Amino acid sequence: MEKRKNKKIIIKVSNLSKSFNSNIVLKNINFQLLEGESLAIIGASGSGKSVLLKNIIGILQPDKGSIEINDTEIVNLPRNLKEKILLDLGITFQHGALFDSLKNWENIIFKIANKEKMNNKNGKKLAFSIIKQLGLQPEILDLYPSEISGGMQKRVAIARAICGNPKILLFDEPTSGLDPVTGSLIDQLIKTAVRTVGGSAITITHDMASVCRIADKVILIDNQTISWSGTPKEMFNSANKKIQKFIKPINSEFLFK
Amino acid sequence: MVYLFLDILGTTGKKFINFVANIGHFFIFFGSAFYWTFKPPWYFKKIFQQILDIGYFSLPVVGLTTFFSGMVLALQTYNGFTDFNSESTVARIVLTSITRELGPVLTGLMVAGRVGAKMAAEIATMRVTEQIDALGTLGTRPMQYLIAPKIIASLVCIPLLVLIGNTIGILGGYVIAIYKLNFNPSLYLNATMEYLQLIDIIQGTVKAAVFGLIISMVSCYFGYNASKGAEGVGFATTSSVVISSVMILTSTYIITALFFG
């Protein structure tokens, strides 16, 4: 088993390229996510961060390159085997992607309920045990996603992702649209999931405060490739002009406190 | 001039290739959806919800349409056939027209408008809001969870709706014949029973099943492949109703020709 500093490689992306017709979005992307590591992906809007995530979870097929999850190559893997691997992942989409026709508690336990029979009482109990960590009230469980605010929807989507304690978490802008207090709560939750449960996470974000709170490693996607990578502290000390553009308005001393 | 000609040729060729590609894409979707429809697990709660939506909630619109069609048919047939002293054929013409053609086609068109549009809009919205992508990452196959229940419910409900619609349509003809045209009720009923053919019922049911397949497949296809946000949802909805209606009218001729040609 390939390891770096005695840590298992959870996700390994090698030479990944993706284009839509003649529009090249990603070119030769290489990175690794180690066990227990939290990786933040930053980059300008439209730089291909979400496309990269969709390639990892098999929604998009890369033009070339390989993606290994727990040492299994998933590009071109038969669908039934890919689905088994995806079951170990907790994913939130950029806009939540909650199922409109299901109540919030049904959304949260959707994956678990598919695997094992669960009555409504136990289902709601499980859903409640998760949402209380996210600062949500039990009243929202019996409502539909359209009946709660955007910020609450985001938290329900996160609750769905972490339900069942998956070891690999992938978040696409989990704190966008949330107030700073709730954003900080979500960050704390990601940190807890990674550090306590021993999971690994990839978070796409524009929120530099969030990067400082949750990330062990940061990569910047710019001009179709990874143009910079390092730790959050290295990021704030970096002279790289592209990185400077991202961190310019932020007081790093305050953040790291 | 030559450039203009080449430009037109290029555009036409591109459109033709796109058209052929879309047809190929549809048949791949059709094959895949059909395969997953008959493969367990089946989501019985979803199937029941669809049966309720397609079958039960379509009853009023199908009932009204076929009832008034039966009434119009009786009236028009009577007016037309009085000139030839053939009023006695009203019962037969109402029966044959309703069971063979009007019942299935009107039901198909009504369901395509009511249910097909809803199916396409629902799935298209799920597509553009990434809900279908999310389903795939939560250990559920969208084809089995979303599409298969709609196909199963359509295949079950539309033939039943047609049988009910046929009965209501014949009843509409009976009401006009008896209460407006002063036919003898027992003679009219006897004539209806005498000309009731099993082959007409079978043909009508086959048509209904084919229409059910067309409506569910076409609507799900356009919904499943929707893109471009709200505009894409609108396009999927409109396309599903238009294409389903055209295919219903085309296939009714083919099935009629196969049975009676």
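Residues are numbered from 1 along each chain as its sequence is written, and chains are lettered from A and ligands numbered from 1 in the order in which they are written. Because the model is predicted, local features need pLDDT of at least 70 and side-chain atom pairs count only at pLDDT 80 or more, while totals for chains, interfaces and linings use all residues. The pLDDT is the predictor's confidence in each residue, from 0 to 100. Chain B has a mean pLDDT of 93, with 100% of its residues at 70 or more. For the complex, the predictor gives an ipTM of 0.84 and a pTM of 0.85.

Helices (H or I, at least four residues) and strands (E, at least two) are DSSP runs, numbered from the N terminus. In chain A, 6 strands form an open, mixed sheet in the order E7-E8-E9-E4-E10-E11. Strands E7 (89-92) and E11 (225-230) of chain A stand at the edges with a single partner strand each, so one side of each has no neighbour in the sheet. Two strands pair if DSSP finds at least two bridges between them. Strand E4 (residues 38-43) and strand E10 (residues 217-222) of chain A pair in the parallel sense over 5 bridges. A:Gly43 stands opposite A:Ile221 in E10(A).

Two packed helices are described by the angle between their axes and the distance between the axes. Axes are lines fitted to C-alpha atoms, for helices over the stretch in contact, and angles run from 0 to 180 degrees between N-to-C directions. Helix H3 (residues 59-82) and helix H4 (residues 90-128) of chain B pack at about 145 degrees, with their axes 9 Å apart. Residues are in contact if their C-beta atoms, placed from the backbone, lie within 7 Å. Among the residues that meet are B:Leu73 and B:Phe81 in H3(B), and B:Ile98 and B:Arg114 in H4(B).

B:Gln197 is found in the loop between helix H7 (185-195) and helix H8 (198-224) of chain B. B:Gln197 counts as partly exposed because it has 13 C-beta neighbours inside 10 Å; a residue is buried with 20 or more other C-beta atoms within 10 Å of its own, exposed with 12 or fewer, and partly exposed in between. B:Gln197 and B:Phe211 are 14 residues apart in sequence and 21 Å apart in space, C-alpha to C-alpha.

Definitions and conventions:
Two residues are in contact if their C-beta atoms, placed from the backbone, lie within 7 Å.
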